[in-house]
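Please open the structure in your viewer and keep the selection tool at hand.

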Amino acid sequence: MAHLLGAETLGLEYPTTKVFDSVSLGVNEGDRIGIVGRNGDGKSSLLAMLAGRKQPDSGRVTVRGGVRVGVLDQVDRFDDDETVGHAVVGDRPEHEWAGDAKVRDVIGGLLGDVDWNATTSSLSGGQRRRVSLARLLAGEHDVLALDEPTNHLDVEAITWLADHLKRRWPANAGGLLVVTHDRWFLDEVCTVTWEVHDRIVEPFEGGYAAYILQRVERDRQAATIEARRQNLARKELAWLRRGAPARTSKPKFRVDAANALIADVPPVRDKVALQSLATARLGKDVVDLLDVSVSYGDRDVLDGVEWRLAPGERTGILGVNGAGKSTLLGLIAGTVEATAGKVKRGKTVKVATLTQRLDDLNRFLDDPVRKVIADLQTTYTFGAGSKAQELSPSQLLERLGFDSAQLSTPVKDLSGGQKRRLQLLLILLDAPNVLILDEPTNDLDTDMLAALEDLLDSWPGTLIVVSHDRYFLERVTDQQFAVMNGKLRHLPNGVDEFLKLRAAQQKETASATASGSSGSSSEPTSALSGAELRAANKELASLERRIDKLHSKIDEARTALADHDQSDYQGLAAETERIREMESELAEIEERWMELGEAIE
């Protein structure tokens, strides 16, 4: 296969650390390369050097003549007054881009629900990400370098992107480099995996599943990697081998070798023991939703939902934005009141929620991590039966990737991923028996995701997860439900079934629109009245003010990031993390704003 670009003895160093030391590698036609590694080990820096965005301190990057490289950055940058249409196709005449099947496919797949004439400054974080992707994919590139392309995307958009990239870059065309923590995406798209660690880049054949197998083999043979990391990799391999059939059908996944490696590995979770312990902590009654409906005026968000949560149940919740997932979680947590029906809670139920925001850490910002955990209970039991372990807060921190030096770090100086892990630790040590995780994988690298999954495997309680990370959702839950048309629907075949239902739903909607009469219209009726309408309008106005302020802050932060000293690696990472947090908060507020707006209309 023809060579597209390569690196020769690359070196990169910052004032406080050496990132790479004499790295040589290449990209050939047909390569779809996933880049994995711990946060801070240099994945984005490697991508930037290969794409020509960053100059190495030593060595060089070579690009074959005529090869065009397209780049997707972590931060989506647009002119404030630029429209969506101009951002995607520029000044190209409409007849030109509309006649291009590739451009039509990209626009239809990513921007079907986005106003073509809207300004990019008015979009949510997820919409801006899709516009950035559409702009890149509508162009002519031989090599794509994608930095966290699935950030802010939902399951449907991630699935579309994976399918598009596989069709666009088959085995005999172009090249693809992608940095992402989305393990399903890596396994679905990539044919080669590069692991960045200890100032080197180590190549592995195949996608994420094949990489895990080869890494386990490497660790077993070398016997130099610590036992904890090896056990996590073996456990994750067992999940990959025993999980969905598609994972074992990868053409380069050596099934016989995998079977030999995991012959003595127990199931990921001891379901019987955990359920027994969960029943002892919770009793037989957890939370029952009995014919529950929630309405905003005349608009039904949930309609006649029946759901009886069992002790030790592990459930994933799927649904598009605005479908009612947050309302459903609020019913369970007790923060939302049912309009009709009954919510019944067991006497011993204690619910805790890991939200997308980090507000609960604000009171600790100036305190070192050691002080934060000093007043917590001395031990906490994980697991059940013979596998039960009593762990101290510091031992739990170690399992979640904190080293002894970081115990003295003030909370405000932690990275986004470290804050996320500390937030989870504080929740777990409060000893809830019902745990709700709302997008828990944000800011975590693949090793930390494996550590979190390992911790949850031994957590004895009822677990409810909302996540766009398909791999994580399938890994830590035993069943999945979807919120669709106000109903809670069981998905025996998991995420694949949800995607099929959504495709059928969209087809029905399109057919109804096409066959509907254009000659008649009816005036919308008011959904709210009286005190409800006044309260809704007041909240809507408040949300609009918060949205405007956040948009301004995000724009200012993006401008500051563009002007930031590019050699200040730690400063750039901190600013990028701050922007991510604001975008997550903005997306949450906008979802509530949309719900209220529809109710008022």
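By about how many helical turns are Y208 and Y211 separated in helix 8? Select helix 8 (residues 208-222): Y208 and Y211 are 3 residues apart there, so about one helical turn separates them. Helices here are DSSP runs of H or I with at least four residues, and strands are runs of E with at least two, numbered from the N terminus.

This is a predicted model, in which local features need pLDDT of at least 70 and side-chain atom pairs count only at pLDDT 80 or more, while totals for chains, interfaces and linings use all residues. Residues are numbered from 1 along each chain as its sequence is written, and side-chain values use heavy atoms, with hydrogens and water left out.

Next, display the side chain of Y208, which is buried (under 20% relative accessible area, 1.4 Å probe, protein chains only), with a value of 3%. Because Y208 belongs to helix 8 and Y471 to helix 17 (residues 470-476), the pair ties together parts 263 residues apart in sequence.

Finally, select R421 and F402. The charged end of R421 sits over the F402 ring, 5.3 Å from its centre; this requires NZ of Lys or CZ of Arg within 6 Å of the ring centre and within 35 degrees of the ring normal.

Terms used: Buried means under 20% relative accessible area, exposed over 50%, partly exposed in between (1.4 Å probe, protein chains only).
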